Amino acid sequence: MNFDFSDDLKQLRDQSRRFLSERCSPAVVRRSLDGQEVYAADLWREIAEMGWIGAAIPEEFGGAGLGYEGLCVLAEEMGRAVAPVPFASTAYLAAEAILTAGSDAQRREYLPKLADGSLIGCLALSEGSGNPDPAAIQARVVGGRLTGAKWPVADGGIADIAVIVARDEHRQPSLFVASLADVRRRDLTTLDPTRNHARLDFDATPVQPLGSGGWGSVQRVLDRAAILFAFEQVGGADACLRMACEYAQERFAFGRPIGSFQAIKHKLADMYVALELARSNAYYGAWALGADATDLPLAAATARVSATEAFHLASKENIQTHGGVGFTWAVDCHLYYRRSKQLGLTIGSAPFWKHRLVDLLETRNAA
Amino acid sequence: MDFNDTKEEAAFRIEARAFLAANAEPKAGAKPVLRQSGVDQQAVERCKAWQAKKADAGFAGLTWPKRFGGREASPILQVIYNQEEDAFVVPRGLYEIGLGMCIPTMMAYAQPEQLDRYVKPALRGEEVWCQLFSEPAGGSDLAALRTRAERDGDDWVINGQKIWTSGAHLSDFGIIVVRTDPNLPKHEGLTFFFLDMKSPGIDIRPIHQMSGARHFNEVFFTDVRVPDSQRLGAVGQGWKVSLTTLMNERLAVGDVQRPEVDDLLELSRKLRIDGKPAIQNGAVREKIAEWHARSQGLKFTRFRTMTALSKGETPGPENSIHKLVNASKLQDIASYGLDLMGAGGLVIDDDLAEAYAMFQSALLSSPSSRIAGGSDEILRNIIAERVLGMPSDVRVDKGKPFNQVPTGRR
């Protein structure tokens, strides 16, 4: 039994944590929160130079070839730092979609530039409210040209290319890839200003099909990304628990640290339990990604359900532990509360993944 | 990451599996073994026969010293044996406390000649041990216990009452913590002994639980004499010795009980809501997904613990999460399964009840799971204080002589 990250990856985790605590301090995150910059472009460049974006991209396509466990380790640290960069959109969604569904030529065209940070990617899936659903896709490709509106698209306002879900010539929801250079875009105001979101209006935009089509290829991208998002959520939840524990030891009320009250202790213990369960499920997901296991979809749904619950709980109870200052703009609790919802809603919210989880249990049972 | 055994672990797994296959019936296909409602005389005989067989084959006390019949094996081998044994129907319930808690405490504090006398018979299951800790006034606040021991020549004379003693009526020996000086503060006046459960003056009365089971006992002590040579640790060091015992408790208690989420899944395929299988109902699906995620989370947390053990690391108090999560999950799944059955869920008769009545029986037994071996609240305190580093609670009894502190129910 060796159900843990290797010493090399633990070293990567420590290094990336140290780097992000210096270069992605709350002050950096707040520049995006306060609208001074759309994303932390300097940080993004440094992350690219260190090879993080292409961690899981094979070396033949310009990646670092660290494997998926390496990308999982980095994802946890990005979540911990509430990093205001298009890491998830580029690495877990666009690059993954091109890697898993694209042709060799498409991989060669896009992956090296995504890996070195010269292209920012995104996934254009949603068309307004509602969870991922093949029946809800209206965007359509006719004669190699895409028409339709996609919103919200995480990092859509800063991305150079998008992987898009649209109906193909046979009205099948499928994956496409396109440059966003000539696409009309509008930045959206959202719950989490530390991540860019946009509305993309495609109007006969030239696109290339990515893979042979069908919703299966879309779901495959979502499944794999769900594991990486789970690691970000675990990182965020861990940061919240640490903040809450620190505050509970420093803050005195009724003549004693509030952490000595059982009402606070039990709250913290519940956060810890949810986090540990989520972490263990995420680890299994990391293994499934690395091994390309047959039960990857079930591992992904399980990790996603667990991590969404853990981060939501930790981010709201962190505010509660802080009391009044917890809901001020100046204290960092809300950065996590916002990010928890951003990560929890993008690529499908908890009910979507719960239903998918049971579908997969039932498929397994029928087999 | 991988889930492979090391060479040594794999060899041991094969050995354990072969022993079990030759000596026990596989669980697959057998009627599920539900939480036992206590161990009757017939079951005692089965337990004794199985334990002797297991000890003779070298699978009991795997981590114990060789001179006591153990293998001095790494704890990971014990986990592997438990995993393998879990696939077979084997009698349980008689030795977990004795071998998991009492004898390890003896090994830490008893004299060498006492160990020569007691350890092997315990390991072979010839002698049964129980643990006499809790009292009516000392549950979560264990150190508030009031049972007195007074020195009389070479003996101590014990008077008082213990409660929640599993298997006292089946036990030959017990370990006990008692108050030897009520003038000292709570934790300082305690002393630890082992004693013969057949000693004159011991009166054992079973407790009838709400589930119908009679697993626990009240044990009354009237002028029970224990020789000073059976003291474990110094006079006044009883609390420290107790902690040794309790450290083992959370590893010993906490098997997964049924119904598990898979049983609920099975049930919701069979029962119907609005003319369709309940598993197609959105609310049912969300509940099942949540419990599945929790179950899997515990399973993989156990894998992380095994990994630590396999590397020779010692798992810490973070193991408290297993019982905390499992006990509530059991109660919630039981209650939800019954909700799906509607009025039919009330029926326990064997010929009519769904799923061997496991949901009904868990409804009634799960409250004890949330309390025995550390209540949910105590487990949360342990996580907060020992894992997360929160300061201990303010104690109004701190430093006060025990006989000036209110205890029990007033």
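**Helices and chain contacts**

Colleague: What span should the 29 residues of helix H8 of chain B have, and how far apart are its end C-alpha atoms?

Modeller: Helices here are DSSP runs of H or I of at least four residues, and strands are runs of E of at least two, numbered from the N terminus. The expected span is 1.5 Å times one less than the number of residues. For H8 of chain B, residues 282-310, that gives 42 Å, which agrees with the distance between its end C-alpha atoms, 42 Å.

The model is predicted: local features need pLDDT of at least 70 and side-chain atom pairs pLDDT 80 or more, while totals for chains, interfaces and linings use all residues. Residues are numbered from 1 along each chain as written, and chains are lettered from A and ligands numbered from 1 in the order written.

Colleague: Which residue just after H8(B) takes a positive phi?

Modeller: The phi is about 85 degrees. The residue is Gly312(B).

Colleague: Are H9(B) and H10(B) roughly parallel or antiparallel?

Modeller: H9 (residues 320-341) and H10 (residues 358-369) of chain B pack at about 150 degrees, with axes 8 Å apart. Axes are lines fitted to C-alpha atoms over the stretch in contact, with angles from 0 to 180 degrees between N-to-C directions. Angles over 145 degrees count as roughly antiparallel, so H9(B) and H10(B) are roughly antiparallel.

Colleague: Which helix gives the largest share of the side of chain A that touches chain B?

Modeller: Contact means C-beta atoms, placed from the backbone, within 7 Å. By that rule, 39 residues of chain A are in contact with 40 of chain B. The largest share of chain A's side, 17 residues, comes from H8(A).

Note on methods
Angles under 35 degrees count as roughly parallel, over 145 as roughly antiparallel, 65 to 115 as roughly perpendicular and the rest as oblique. Two residues are in contact if their C-beta atoms, placed from the backbone, lie within 7 Å.
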